[in-house]
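Hi,

Here is the structure I promised to pass on. Have a look at it first, and then read my notes below.

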Amino acid sequence: MKITVIGAGYVGLVTATCLSELGHIVHVINRDPHKTASINAGSPPIYEKGLDTLLKKNIGKTLFATTDYRNIRDSNLVFICVGTPHQQDGSADLSMVRAASRSIGENLAKTEHSPIIVVKSTVPPGTTEGIVRPIVLKYAGKSDISFAMNPEFLREGRAVEDFFHPDRIVIGCSDNSIFTHVASVYRNIDAPILVTSIDAAEMIKLVSNAFLATKISFSNEIGNICKRDGIDVYEVMKGVGMDERISPHFLNAGVGFGGSCFPKDVAALIYFAESHGEDPIILKSVMKVNEIQANRMLFILKKRVGELKGKRIAVLGLAFKDDTDDVRDSRAIPVISQLLQEGAIVVAFDPVANITMEKIFPNICYCGTAEEALTDADACLVMTEWPDFSRLGNEFERMKSKIVIEGRRILSYHDREGICW
Ligand code: NAD
């Protein structure tokens, strides 16, 4: 099939590259010419495990990056994968979805052909039907274009693997022929396909992320309770997760969730609920527990080192999780902000996210190794579960005082204190 993917970020570029690997002819459109140039040169502008190899293999053969929307005119399907960040009030900023819809419409006005427009971006229920459809139809000057919603569930860091081995594929659409077309894109992927209404598909994505975030905040609250009594929350949640009704996933207590999805999707669901007259008590608590958890890291630190002014604090891990360079809403951000506010000297290290964090904190010191960051530090905070950190041992001996506080349970080093263990 001829497919166009709009947006070459974590979702769009992975989707486009993996679809090209499946044998489709794929054009990925991004408004940033630097990104498209980098992709066409075979170099992904984001770090994602396995993407580099697949991109190099397919670029210029079945995969092409461009800033030009004209390619959609002979596509069978167009996937919208642009960002939907949250706004101050928690609602989703749909301006990029609107802009992409308009560009699609303007280009379809110049052709007889009409591809199916599939929204893959995470959007509040009602967006595909209430925003994307009317904008595309208005600018195309047509009424015979079909729409579908196909939410994406990939995890950053494991996105390529998740694309080829998803738990399920959800396709929201209004008739069987649209479903058949969209489903045929994935015909070589072995996964159950659920067909739903468009609104339900939009809701499934928000609710899935809200539920996972709830499991994390719940585990963190239990961890905070367990720590008071010296009970190991990891033993507790292991026992809890062995119940198949619960599952062992997303029960790791720690410093909380971040990233470009969980905080914004829970916020969007809260906003959606409130704008429909509901008070989502559980969802609001999920966010509150998450915010407080970052403060606990600082609370423990201050209890151990006293006043932070002039203290050299090593921060290990900047990405919101391991195996990615994405720092959006990373829990390291509120922690570093607070450290700086209190006059600490922040010395940071992340295996791949130093550069992305430098855009947010240009004035802290970034190190090339964990050892460098730890040298002469008054304390160390571990913020990301990079597997490499588990091998750190002698490196901690280089600290001025060996105060090591873990926000993720990853160290094998014995002399450390966990945020909730
Ligand atoms: P991103 O910010 O990494 O990428 C979006 C890309 O779209 C950017 O490169 C931007 O330049 C480009 N863009 C914006 N407007 C455009 C336009 N009008 N035309 C062409 N390109 C345009 O975002 P992302 O992380 O890939 O997320 C995309 C969507 O997928 C969001 O709705 C997100 O919630 C959802 N999602 C993300 C993940 C994830 O793990 N990142 C997982 C599942 C779903």
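To start with the helices: is the crossing in which helix 8 passes helix 9 left-handed or right-handed? Helix 8 passes helix 9 in a right-handed crossing (right-handed if the near helix is turned clockwise from the far one by less than a right angle, left-handed if anticlockwise).

Before the rest, some housekeeping. This is a predicted model, where local features need pLDDT of at least 70 and side-chain atom pairs count only at pLDDT 80 or more, while totals for chains, interfaces and linings use all residues. Residues are numbered from 1 along each chain as its sequence is written, and side-chain values use heavy atoms, with hydrogens and water left out. Helices (H or I, at least four residues) and strands (E, at least two) are DSSP runs, numbered from the N terminus.

Helix 8 with helix 9

The axes of these two helices come within 9 Å and cross at roughly 135°. Axes here are lines fitted to C-alpha atoms, for helices over the stretch in contact, and angles run from 0 to 180 degrees between N-to-C directions. That angle makes helix 8 oblique to helix 9 (under 35 degrees counts as roughly parallel, over 145 as roughly antiparallel, 65 to 115 as roughly perpendicular and the rest as oblique). On the helix 8 side the contact uses Phe218, Ser219, Ile222, Gly223 and Cys226, and helix 9 brings Val233, Val236 and Met237 (contact means heavy atoms within 4.5 Å). Sorted by class, that gives six nonpolar, two polar and no charged residues. For the classes, Ala, Val, Leu, Ile, Met, Phe, Trp, Tyr, Cys and Pro count as nonpolar, Asp, Glu, Lys and Arg as charged, and the others, Gly among them, as polar.

Helix 8 with helix 10

Helix 8 (residues 198–228) also packs with helix 10 (residues 262–275), at an angle of about 115° and with the axes 9 Å apart. That puts helix 8 roughly perpendicular to helix 10. This crossing of helix 8 and helix 10 is left-handed. From helix 8, Met203, Lys205, Leu206, Val207, Asn209, Ala210, Leu212, Ala213 and Ile216 take part, meeting Phe262, Asp265, Val266, Ala268, Leu269 and Phe272 of helix 10. Twelve of the residues in this contact of helix 8 with helix 10 are nonpolar, one is polar and two are charged.

Helix 10 with helix 11

Helix 10 has a contact with helix 11 (residues 281–305) too: their axes come within 10 Å and cross at roughly 150°. Helix 10 passes helix 11 in a left-handed crossing. Here Pro263, Val266, Ala267, Leu269, Ile270 and Glu274 of helix 10 meet Leu283, Lys284 and Met287 of helix 11. The tally for this one is seven nonpolar, no polar and two charged residues.

Aromatic rings

There are seven aromatic pairs in the structure (rings of Phe, Tyr and Trp, for Trp its six-membered ring, pair if their centres lie within 6.5 Å; planes under 30 degrees apart count as stacked, over 60 as edge-to-face and the rest as tilted). One of them is the edge-to-face pair of Phe163 and Phe164, 5.2 Å centre to centre with 80° between the planes. Phe163 is buried at 4% relative accessibility, whereas Phe164 is partly exposed at 22% (buried means under 20% relative accessible area, exposed over 50%, partly exposed in between, with a 1.4 Å probe and protein chains only). Another pair, Phe250 with Phe262, is tilted, at 6.0 Å centre to centre and 50° between the planes. This pair links distant parts of the chain: Phe250 sits in the loop between helix 9 (233–241) and helix 10, and Phe262 in helix 10, twelve residues apart. Phe250 is partly exposed, with a relative accessible area of 33%, while Phe262 is buried at 13%. As for clusters, Phe163, Phe164 and Tyr186 form one.

Positive phi

Most residues other than glycine have a negative phi. Phe250 has a positive one, near 60°. Asp323 also has a positive phi, near 65°, and lies in the loop between strand 9 (312–316) and helix 12 (332–341). Asp323 counts as buried, at 12% relative accessibility.

One more residue

Phe179 belongs to helix 7 (residues 176–185). Leaving aside neighbours within four places in sequence, Phe179 touches Ile171, Cys173, Ile193 and Val195.

Cheers
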